[in-house]
Amino acid sequence: MAYKVAIIGAGRIGALLDNPQSPNILNHAHGYNATEGFEIVAFVDRELSKAEAASKCWGGNVFDSIDGLFAKQAIDVVSVCVPDEVHYETLVSLAKRPVKFVFLEKPSVRTPAEAKTIGALYRELPMRVLVNYTRRFVPEIRKIKEAIEDGDFGVFIAETGYYGKGLLHNGSHMVDLLQFLLGDVGEVEKISETSDCYDDDPSVSALLTMRGGGSFFLRHIDSRKFDVFELDLTFELKRVRICELGSVIEEYSVGENDVFKGYRTLNKCAEYSTDHRRAISHAVANIRGNLDHNEPLACTLEESFRAVRTCSRILLGHAG
């Protein structure tokens, strides 16, 4: 029997970034639609017209409130795709509902105080939560993490990451990926900020020191000029660039320079596409594996709180 799914928030990431014919899987609805064992039965949006547009594309009933949904439907899995500022109230509401699983858009919450409250609430529940820090689900990026942990790249030296559209909304993707690959952030030195997309969520540049050694330059680019998400990692034996929003990886190895004899340089040795444009399908597969076989989750609620707390320190310029 298929798990019954409701998607709360019928905007772009919930339902409308692509359609059933798209070769990419960019939204929650497409992820469930493309994965065996799930049935979309409802969309919820305060703007009912959005829920109706999503239902026309993917099927399911439409509701304008969570109360209305649970008064009419039995639900196993809920996707939370509402704006960042209503994640907290939505999670509080869902904690009272008979739901097996929540697939939550990032950031999970907006402040460490909210993280503390939601963490305490959900630790008492059997409900499971997966947070959509998308790049954690990309197989090629997970292989990079394995290579780092196995010591294949040598000691980490330094890193630069470029992003825009708010430290929490989009920069937390960068912070989570950084901590996923390299561990916790220690010292923080805030450099500058720009309100390029949200008045209450500026994009911030900062110099971060990793507790395991090495430094990271978090650099914001004004998203009114263009969108960017790039990560450049330098180790003693390797350089890795994650670019084109996460869809391409470049690798460079240390070796003799072909032109300048006697120089050891970083020489490009590989460039390959990732499955980033289908990352949500890997996330939904993770949900199915967890529900059916207790497979470990790629990004738990508690892990997502680390990014929230680090972003809060960056915004305030606090040391670790």
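Biologist: Why is Lys145 called buried?
Modeller: Its relative accessibility is 18%, and buried means under 20% relative accessible area, exposed over 50%, and partly exposed in between (1.4 Å probe, protein chains only). So 18% puts Lys145 in the buried class. This is a predicted model, where local features need pLDDT of at least 70 and side-chain atom pairs count only at pLDDT 80 or more, while totals for chains, interfaces and linings use all residues. Residues are numbered from 1 along each chain as its sequence is written, and side-chain values use heavy atoms, with hydrogens and water left out.

Biologist: And what makes Glu149 exposed?
Modeller: Glu149 has a relative accessible area of 53%, so it passes the exposed cut-off.

Biologist: How do you know that Glu149 and Lys145 form a salt bridge?
Modeller: The term asks for a side-chain nitrogen of Lys or Arg within 4 Å of a carboxyl oxygen of Asp or Glu. Here the N to O distance is 2.8 Å, so the pair qualifies. As for the idea behind it, side chains of opposite charge can pair when their charged atoms come close.

Biologist: What separates Glu149 and Lys145 along helix α7?
Modeller: About one helical turn, because they sit 4 residues apart in α7 (residues 139-149). By the way, helices (H or I, at least four residues) and strands (E, at least two) are DSSP runs, numbered from the N terminus. The chain has 10 helices and 14 strands.

Biologist: What makes Arg123 and Glu302 a salt bridge that links distant parts of the chain?
Modeller: Their N to O distance is 2.6 Å, so they meet the salt-bridge rule. Arg123 belongs to helix α6 (residues 112-123) and Glu302 to helix α10 (residues 301-316), 179 residues apart. Arg123 is exposed at 54%, whereas Glu302, at 35%, counts as partly exposed.

Biologist: Why is Glu193 called partly exposed, and what about its partner Lys190?
Modeller: Glu193 comes out at 40% and Lys190 at 30%. Both values fall in the in-between class, so each counts as partly exposed. Their closest N and O atoms are 2.6 Å apart.

Biologist: How many salt bridges are there in the structure, and which residues make up a network?
Modeller: There are 22 salt bridges. Glu230, Arg241, Glu250, Lys268 and Glu271 are linked in a network of them.

Biologist: What makes Lys165 and Glu244 worth a look in terms of phi?
Modeller: Lys165 has a positive phi of about 70° although it is not a glycine, and Glu244, also not a glycine, has a positive phi near 50°. You'll find Lys165 in the loop between β7 (156-163) and α8 (167-182), and Glu244 in the loop between β12 (238-243) and β13 (248-256). At 49%, Glu244 counts as partly exposed.

Biologist: Where is the cis peptide bond?
Modeller: Between Lys106 and Pro107, with omega about -15°. Pro107 is in the loop between β5 (101-105) and α6.

Biologist: How do you know whether the chain agrees with a compact globule?
Modeller: The radius of gyration is taken over C-alpha atoms, and the globule rule is 2.2 Å times the number of residues to the power 0.38. For 320 residues a compact globule would be near 20 Å, and the chain has 20 Å, so it agrees. Buried residues make up 52% of the 320.
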